[in-house]
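Me: I'd like to understand the labels used for this model. Could you take me through them?

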2 protein chains.
Amino acid sequence: MQLLKTIKEVRDAVAAARRQGKIIGLVPTMGALHAGHGSLIQKARADCSFVVVSIFVNPTQFGPTEDFNKYPRTLDTDTRLCESLGVDCIFAPLAEEMYPQRNLTWVDVEQMTKGLCGASRPGHFQGVATVCAKLFHIVQPDRVYFGQKDAQQAAVICRMVTDLNFPMEIIVCPTVRERDGLAMSSRNRYLSSEQRKQAVCLYQALCGCRKMVEQGIISTSQLIAQINQVITTAGVQVEYISIVDAQTLQPMTSLTADALVALACRVGTTRLIDNMLIFLNPPRFQI
Amino acid sequence: MQLLKTIKEVRDAVAAARRQGKIIGLVPTMGALHAGHGSLIQKARADCSFVVVSIFVNPTQFGPTEDFNKYPRTLDTDTRLCESLGVDCIFAPLAEEMYPQRNLTWVDVEQMTKGLCGASRPGHFQGVATVCAKLFHIVQPDRVYFGQKDAQQAAVICRMVTDLNFPMEIIVCPTVRERDGLAMSSRNRYLSSEQRKQAVCLYQALCGCRKMVEQGIISTSQLIAQINQVITTAGVQVEYISIVDAQTLQPMTSLTADALVALACRVGTTRLIDNMLIFLNPPRFQI
């Protein structure tokens with residue numbers, strides 16, 4: 001496995017693989033890898049003949065009051081995990097390699113970035129879309145793997161790729177959970193042991209919502225009220241609970257199309273998100 | 001020569017050329033081809049082994065009061081010119097092919113799009129940058145050819161390609177002029193014969209500016225005043241005359257770095273632009 005720091009090195013490595021007729025898979029990450037990332041890498045490994053994992057804590061997607069500086073950086077552990085999963089190449093650039101001068105060019109996806117996490121994180125999805133465009137141009141993969149855990153990110157990137165005709169396929173993989181249901185996240189390590197126990201309420205609230213939908217309830221306000229009650233009863237602070245169209249991320253009053261149930265909470269000072277997809281035909285849940 | 005209308009067809013044609021080891025050149029145009037476009041095509045033909053000319057009057061770069069509907073469309077003549085210049089493939093999509101649904105994703109280049117033509121054409125460069133990103137992803141060329149005539153467009157696209165790491169080279173070719181110096185433009189055909197005579201004042205004003213710089217004048221306000229006088233004396237209405245840093249397009253008070261002298265005028269209702277580059281070391285002009 002190669003550990004590469006420069007754009008030129010990774011382009012050369014991918015070009016060599018391409019000359020051998022290989023299919024290139026990219027798993028973009030911010031490092032601090034966990035089993036969720038592991039599942040993306042395994043999927044890429046199964047689908048592609050050359051797997052690149054990018055590890056880059058992208059400054060342009062953090063707000064001024066967010067956790068950019070304290071975001072976990074665990075490159076040694078990440079490298080061992082990638083090696084064990086058969087990754088061909090890690091691309092771990094410095095910020096100066098990705099942003100050698102002031103960046104003037106930004107990619108924005110309208111409408112879909114206004115609500116959900118976009119409401120409390122202005123500029124976040126602009127930073128995400130822009131760095132993904134950069135990574136896609138650097139690696140030029142055939143397939144890119146994202147986790148459903150970051151549902152809005154996945155939907156925004158899918159739309160960007162469609163709207164701008166990026167010549168690649170986006171594959172969104174299911175959320176990986178701890179035994180008790182907590183969605184894997186690099187930020188879970190911020191939780192105290194008591195907060196860790198509280199945090200499971202996000203998953204439990206989504207399971208409760210699934211049960212209500214199975215019982216025929218389609219009013220999103222009723223579903224949201226129930227989710228809100230489960231979470232606040234657990235002593236966790238709700239930032240938002242939304243039920244939106246799964247493709248466009250626009251709010252729905254009742255379940256008339258494939259839907260995304262998405263929520264963000266604060267457990268202590270740690271911000272956690274989770275979500276569930278509801279497909280209508282045939283009725284199916286992805287959680 | 002192939003005349004292709006769909007994204008799939010042009011991707012297949014380029015992929016076939018790529019498999020033969022060919023170097024792909026793209027000349028993006030809005031059609032109504034003239035000798036200026038011809039020079040871009042000839043340069044691409046000399047540099048590349050597979051030349052694609054795109055012809056697409058992009059609706060998203062026209063303002064609501066601009067000339068989108070009356071912009072000249074001359075596909076038959078354009079096709080003959082391309083054929084005669086040895087083009088391999090014309091890509092001439094319908095708007096529905098390029099924008100099959102409402103476009104939500106936009107590429108913006110900050111700062112550089114605020115002044116010059118950006119001031120009177122809000123949204124224009126967002127439309128240009130976005131459609132170029134789309135065309136670059138569809139054709140995936142090695143080299144793309146733009147004319148210096150549209151100086152701000154060329155600078156904006158160069159910056160976009162650098163900032164977003166597009167894997168291609170942008171080549172900016174000199175402005176091609178009529179015998180009397182008028183810059184070639186698809187919009188010249190809007191001019192009456194009297195307006196056509198007036199229009200040469202843009203070129204003459206730039207030549208006068210060159211002479212003043214050769215004489216050692218480096219104050220941009222002095223240079224601009226002289227240009228303004230030449231143009232207004234010819235009875236032509238000035239929209240802007242600016243002298244800016246050639247890379248960043250930020251205004252300069254004196255010629256202390258490579259500069260772009262750019263101007264836009266109205267001859268009757270027809271909007272014409274022209275420009276001159278001033279290089280300092282060694283002293284050189286490109287007009």
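Predicted model: local features only at pLDDT ≥ 70, side-chain atom pairs only at ≥ 80, totals over all residues.

Me: What stands opposite D108(A) in β5(B)?
Reply: W106(B) does. Residues are numbered from 1 along each chain as its sequence is written, while chains are lettered from A and ligands numbered from 1 in the order in which they are written.

Me: Why are β5(A) and β5(B) said to pair?
Reply: Two strands pair if DSSP finds at least two bridges between them. β5(A) and β5 of chain B (residues 105-109) have 5 bridges, in the antiparallel sense, so they meet that rule. Strands are DSSP E runs of at least two residues, and helices are H or I runs of at least four, numbered from the N terminus.

Me: What makes up the contact between chain A and chain B?
Reply: Each chain gives 23 residues, where contact means C-beta atoms, placed from the backbone, within 7 Å. On the side of chain A that touches chain B, β5(A) has the largest share, 5 residues.

Me: What makes β8 and β11 of chain A edge strands?
Reply: Each pairs on one side only, in an open antiparallel sheet ordered β8-β9-β10-β11 (chain A). β8(A) is joined to β9(A) by 8 bridges, and I243(A) has V261(A) as its bridge partner there.

Note on methods. Contact = placed C-beta atoms within 7 Å.
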